[in-house]
Amino acid sequence: MYKKMFHQISFFLLLFSLCAVTLGGCDLFRKNSPKNVVKRELDQLKSINEDTIRTFFSYSLLSEEDTLSFETNQDTIDAIQLFFRHFSYKILDTQTEEDHALVTVSITNIDTKALANDLCRAIITDSLNHTNVSEESSLIFYSSLLKDVLTDNTYDLVTTTLEIPLQKTDGLWTILTSDELEDGLMSGLISYLEDPNTVSAEEVVDLNLTYFKNLSPEELITYLGIDDIFSTSSSISKEIDLEFAKKLSEGFQYRIVSSRLDDTSATVTVEITTLDLSSVLASYRKSLLAYAETADAILSTDNERSEKTARLLLNALTLSSGTATSTLDISLKSTGLVWEIKNMTELTEALLANITEASHDFSDAAAQTESDLILYPEADAETESETLPLIQPAA
């Protein structure tokens with residue numbers, strides 16, 4: 001679900017480090033030594049400005065034949081400057097041997113492990129709202145996301161050590177770029193973003209359940225795909241759906257109990273508290289039995305009985321206040337970039353107040369109640385379980 005998104009953000013972050021490595025070039029008018037070359041490149045990151053960023057992206061996007069209009073993307077400029085605003089460095093050592101050199105530097109920047117956690121959490125949370133992010137808008141989208149994370153959070157400063165290799169060609173020293181160097185210039189941010197344990201399996205489950213908890217009843221209907229959830233086929237089916245969603249929202253609580261994991265899989269055990277649907281349907285069944293004893297149940301048309309029983313169900317939902325707690329083991333797999341819930345079916349069932357189990361219990365009870373046959377005078381005991389009740393709750 002998130003793999004493509006993390007590849008895109010990693011690519012975007014790589015561009016930051018290239019601002020220094022690509023634009024530095026060779027300066028024939030300054031002393032060309034390994035130390036000075038490294039100093040010149042790192043000074044660009046230390047004082048990176050809007051013109052440098054625009055120049056780099058104009059060149060980069062043109063060379064990639066990208067049609068994205070960068071001119072209007074101020075968020076990208078802001079995000080890059082926010083990331084490097086505390087950047088500083090110190091050259092610790094220089095070793096030179098013929099045409100090769102190694103410059104050791106200490107780099108101080110914000111805590112990128114904490115930033116990666118916040119950024120990954122933001123990506124996961126946003127992906128629950130927006131399942132599709134077009135490639136055309138990915139740069140702008142992630143620029144805005146990173147800008148928001150950097151603006152909304154404060155990070156400690158962390159110092160790391162980096163070795164920068166150089167090579168002399170035609171008398172000029174140039175930096176040998178690599179993925180490791182680019183990651184080092186980012187204080188390890190790319191590595192943290194590509195580490196599935198930056199956001200733990202428990203955190204992934206927590207993010208999904210928190211998202212669900214914060215949805216309004218109307219949003220729950222869309223999120224869970226609720227559409228005449230109890231198969232009433234009545235004029236008030238939408239009212240029933242909304243009341244059901246309201247009760248789910250009001251009663252929902254969760255607690256992460258424990259987790260177990262190995263290299264590629266994890267199991268997170270959670271306690272989920274939600275509407276006691278079995279109790280609701282038991283109350284509804286009593287109302288059905290009382291209705292079955294009236295003359296109206298016999299004299300009414302099929303449509304009238306359907307409308308009546310639908311209103312009995314709505315009333316049972318409206319009057320309900322009980323909750324029930326169940327324990328669920330949620331299985332996750334590692335994509336190599338993030339922990340991902342393997343199968344949402346069981347979790348969705350739990351979020352829907354275990355509707356399938358409650359429905360089966362309701363049907364079994366109805367099939368055993370001989371008096372329910374009043375609603376279907378022509379039914380016999382053999383087909384009773386198939387024709388009762390009038391409303392068949394189903395996920």
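**View 1. Phe84 and Phe87 are both buried.** Buried here is under 20% relative accessible area, with exposed over 50% and partly exposed in between (1.4 Å probe, protein chains only). This is a predicted model, where local features need pLDDT of at least 70, side-chain atom pairs count only at pLDDT 80 or more, and totals for chains, interfaces and linings use all residues. Residues are numbered from 1 along each chain as its sequence is written, and side-chain values use heavy atoms, leaving out hydrogens and water.

**View 2. A search of the whole structure turns up 8 aromatic pairs.** Rings of Phe, Tyr and Trp (its six-membered ring) pair if their centres lie within 6.5 Å; planes under 30 degrees apart are stacked, over 60 edge-to-face, and the rest tilted. With centres 5.8 Å apart and planes at 75°, Phe84 and Phe87 are therefore edge-to-face. Phe252 and Tyr254 have centres 6.0 Å apart and planes at 35°, so that pair is tilted.

**View 3. Tyr211, Phe212, Tyr223, Phe252 and Tyr254 make up one aromatic cluster.** Two of its members, Phe252 and Tyr254, are buried.

**View 4. Here's an open sheet of 4 strands, ordered β5-β6-β7-β8, with antiparallel pairing.** β5 (253–261) and β8 (339–341) sit at the edges with a single partner strand each, so one side of each has no neighbour in the sheet. Strands (E, at least two residues) and helices (H or I, at least four) are DSSP runs, numbered from the N terminus; two strands pair if DSSP finds at least two bridges between them.

**View 5. Zoom in on β5 and β6 (residues 265–275), joined by 8 bridges.** Arg260 stands opposite Thr267 in β6.
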